[in-house]
Structure formats: structure tokens, C-alpha cells
Amino acid sequence: MTSVGIDAMEIWTGKLVLDLPNTFAPVKGEDPEKYTKGLGLHTSSFPDVYEDIVTMGANAAKQLMDRKGLTPADIGRIDVATESAFDNSKPVSTYIAGCLEQVYDGDFRHANKGERKFACIAGTQSLDDAYNWIKAGRNRGRAALVIATDTALYERGDPGEATQGAGAVAMLIDEDPDLVELSTEQGYGSMDETDFLKPNQQFPSVDGKRSMQVYLARMREALEDYESVAGRTHPDLFEYIPFHTPFPGMVRKAALLGFRHMTRDTDIEDDLEAEIGRQPREEDFETWDDYEEAIRGYMDELKTTEQYREWYGRVIEPTLDISSRVGNWYTGSVHIARLSALIAAADEGKDMTGKSLLVGSYGSGAQAEIHAETVQETWLDEIEAVDVDDQLAARTEISFDDYELIHDVHNHEKEIEVEEFTQPEAEFVFTGWGRMNERR
Ligand code: HMG
């Protein structure tokens, strides 16, 4: 069976940038270190007046198609993952295909198009759909375009406002991929949850603290489920572990939980025994609450150990760079975590060929998925071709007042006219709800 995975990726960030510790925190009367140290966020991307999920997705996809020398005839499937959709009938992929058809010869008439929704995990679910379609032999030699695009905005005054962001990730899924091969094995943790949801509303209703607990519970279940098919995991098996990153502080918690789980009954637990004792075992406690409290105490000590800190700095920290500069991209978030890690590896001159990643995706509502990826021989060329730093550096900084205007412009329930902050440069621009976007 041929290998299937991600052949190439591109990003498109919202063109505006908000400085969280220096612009946002002072107006909110908060300590800037809550952002930089607590949440792990420095800046957030916001879409200009003429940007939306369609234009960001189409611009990312065009960059990808141009770089890989593709035309519509090479694409048999366009899946868009988003939780910021504005149309309950027509999928965002049709709007994006309409944009792309303006600039390429040919059309996507014979491509299957859809829209995937399950909060942030929909980006990974779309990858899975494309993978399955190719593995089933239904692709007729064509590749799939997966686009994760979101404007992650919260009601003003909601604690989630600190974690906003906007951008798109376009990924080409193909046979014999140039970037990473996806594992057949997957693990899931999935339960009906109501801590983050948008029933007939644009901005989410969020119980932020509970959402963090739900994330960790589903992620642990997904890891256990993954191990039931792929065998026990161990921290040394994976070069990087990109997690869904609503903000880097969340990943600090997920990583500690993952390390504790992976080191149980291993050489690492043996090494740590003299320093912090062995991990609490459920059978040694009368109640689940007592056991959980003991685990929390163990993890408080575990995070101070040299073994954990070294592992975190090497395997997790490099996945967080883009996220700390753009905020939550919802469906694209775990995919910019993978990209961050591979850019860090390229910067360090690491040889990643054949190395494994463990990818932890998550979507509220709630579901986590764990799968592994194997880095391909041509990974470096792919990573060096993505212009993340240039795009992020080209963003235009906005004041707090500008931020409020932009937030209102992208509120579907308001109709306000605001001047553009930047000039479009040969890109797709938004021209009105439900209308064909143009290229300017
Ligand atoms: P909050 O009340 O603004 O912040 O809410 P906080 O007071 O809890 O502080 C945050 C952290 O900063 C804490 O760290 C503080 O201690 C620390 P922790 O104790 O958790 O390790 N802190 C400081 N550190 C240094 N110096 C200081 C300082 N002050 C505080 N001066 C919350 C935070 C995450 C709840 C809020 O931002 C929120 O509601 N966010 C939206 C929901 C969210 O992102 N949840 C994450 C899990 S769910 C998920 O990932 C899915 C999602 O992406 C959606 C989807 O799937 O579609 C959201």
C-alpha cells in the first residue's frame, strides 16, 4: 500500500496584529505577564476589513497550488474545516473553489467538496477523510486540498477574548507525500460536552475553566485508545508532540499529563523514584478523588524535575512558537503546531527524516484524536518554502480602539463600514456575504 500524508502546507495569517501584553492587557487592567507567562501569548492575528474565512483559505490554497505547480485538474477533493462558517447550506469549499477558478485554467467541476464541523478537531478530521479517500483508491491519482480556516473571536469581555486569532492553513494530501506520512493507527476520546458551543450564535458560550478539564480528559482517553492499537508510547519515541494549542499554557498542562502517562512503568519512572517517588496507583486508594489528588501532587513534583524540563524544552516548546504569535486559529491550530516544530528543526539543522511526531488534536464538544506521523526525506525543502516569519512580520499593528472596530466589523450581527487598515496585494478580498469574492 502506498504511503499517504501531507505533501505540503501553507498558511495565511490575518493581516492585522494586536500586541497582547502592551496594548490589550493595560486597557483590560491586567498584568501583562498573565499573557506572556500565564497564557503564553504575545500577539494575536486579526483579519482586515476585506478578509474573512473564505479569502484567507483561498489565499493559503493559492500559495500552495502555485508552489506545487498544480491546476484544478490535479485536485479531486476540497475539504474545508471551520467553525466560523456564515452559510448553513453552501459549504465554504465552494466559495473557495469559486475564488481559485478565477485564477486557474480549468475548474473543480469533478472534485468532491464539503465542509467539516467539529470545533477545532475538524481540521484533523478533514485530513483523515482525505487520507481514507486516497487509501480507498477513489482519488484517481488526484490529491486532496484540506483547508482549515477560522476567525476565532469571542464576545467582548469574555475571558476567551485574550486567546483570539485568525488565519488559515492549506494542506495538500497525497500519495507518497513530501512532508509527513500519517499513521493508520488513531485513538479517540469523545463525549457529549457543553463547555464550549455556538448554538445559533456567532460567538461561543464558554465555561473556560471547565473547557480545560474537558480538553485534558478527552486527550488522556485518546492517548489510551491510541496505545490500545499502536502499543505503549514512551517520551523517547517522538521527536515532537504538536498539540491543539488554544494558547500555549493549555499545552503545558497537556504535555505534563502526557509525560506522566507515557513514563508510567518505564525506565524514566525508575530514574525519578529517588527524587519524587513512584506514580500513585489507582488500586492503592479508596476513592477516585483521593487518587486524583495524589496524581495532582505527583505531577506538581514531576514538572520541577530535570528530566521533565529537558523533555518539555526539546519536544513541546518548539511546537508553540507560531501559536504564541498568532493566537488560536481553531481548526488550523494543531497544524501550525506541527509547522512550528518542523521550522525549529530546520533552524537547528536537525535531520528529521524518518523521525516520528505524535499529534494530539482536540475540538470542544468534545473529541480528542491522537495519531502519529513519520517525517519524509523531502521535508526540509517543504518547510523552507513556507514564509511564516515574513507573513507574521508584514502584519500591521492595531491600537485597542482599532481592535474594537475590527471586532465589530467581523461580528455577523452588526453592519458597520470601516476603512481598510492595509492595502490588498494581489489576493482574494471579501466583497459581501454570499457573493463571489474578488481578486485585487
Ligand atoms: P482567565 O480567567 O482570563 O485567566 O481565563 P486565568 O486567571 O485563569 O489565568 C490564566 C493563566 O495565567 C493561569 O495559569 C494563571 O495562573 C496565569 P494556570 O494556573 O492555568 O497555569 N496568570 C499569571 N501568570 C503570570 N503572571 C501573572 C498571571 N496572572 C494569571 N500576573 C481561560 C483563562 C483559558 C479560561 C480563558 O482564556 C478562556 O476561557 N479561553 C477560551 C477557552 C479555551 O481556550 N479553553 C481551552 C481548552 S478548550 C479548547 O482548546 C477548544 C477551543 O480551541 C475551541 C474549539 O475546539 O473549537 C477553545
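This report describes the fold of one chain, taken from a predicted model.

## Overall build

The chain holds 15 helices and 15 strands. Its radius of gyration is 21 Å, close to the 22 Å that the globule rule gives for 440 residues, so the chain is as compact as a globular protein of that length. Along the principal axes, the C-alpha trace spans about 65 × 55 × 40 Å.

Buried residues account for 48% of the 440 residues. Among contacts between residues at least 6 apart in sequence, 78% join residues at least 24 apart.

Strand S7 covers residues 165-175. Of its 11 residues, 10 are buried, so S7 is largely enclosed by the rest of the structure.

Strand S6 (residues 143-152) joins S7 over nine bridges in the antiparallel sense. Here Ala148 stands opposite Val169 in S7. Strand S1 (residues 4-13) is also joined to S7 by nine bridges, and the two run antiparallel. In this pairing, Leu172 of S7 is the bridge partner of Ala8.

Strand S12 covers residues 367-375. Eight of its nine residues are buried, so S12 is largely enclosed by the rest of the structure.

Strand S8 (residues 180-190) pairs with S12 in the antiparallel sense over eight bridges. Gly187 has Ile370 of S12 as its bridge partner. Strand S11 (residues 356-363) is joined to S12 by eight bridges, again antiparallel. Val359 stands opposite His371 in S12. S11 and S12 form a hairpin, with three residues between them. Gly365 lies in the turn and has a positive phi of about 120°.

## The three-stranded sheet

A second open sheet has three strands, ordered S3-S2-S13, with mixed pairing. Strand S3 (43-46) and strand S13 (396-397) stand at the edges. Each has a single partner strand, so one side of each is left without a neighbour in the sheet.

Strand S2 (residues 16-19) pairs with S3 over four bridges in the antiparallel sense. Val17 stands opposite Ser45 in S3. Helix H1 (residues 20-28) packs on this sheet and touches S2 and S3. The direction of H1 makes about 65° with that of S2.

## A helix pair: H6 and H7

Two packed helices are described by the angle between their axes and the distance between the axes. Helix H6 covers residues 208-230, and helix H7 covers residues 248-263. Their axes come within 10 Å and cross at roughly 35°. The crossing of H6 and H7 is right-handed.

H6 contributes Met212, Tyr215, Leu216, Met219, Arg220 and Leu223 to the contact. H7 contributes Met250, Lys253, Ala254, Leu257, Gly258 and His261. By class, the contact has eight nonpolar, two polar and two charged residues.

Notes. Residues numbered from 1 in each chain as written. Predicted model: local features only at pLDDT ≥ 70, side-chain atom pairs only at ≥ 80, totals over all residues. Axes fitted to C-alpha atoms, helices over the stretch in contact; angles between N-to-C directions. Left-handed = near helix turned anticlockwise from the far one by under 90°. Contact = placed C-beta atoms within 7 Å. Nonpolar A, V, L, I, M, F, W, Y, C, P; charged D, E, K, R; others polar. Buried ≥ 20, exposed ≤ 12 C-beta atoms within 10 Å, placed from the backbone. Pairing = 2+ DSSP bridges. Rg over C-alpha atoms; globule rule 2.2 N^0.38 Å.
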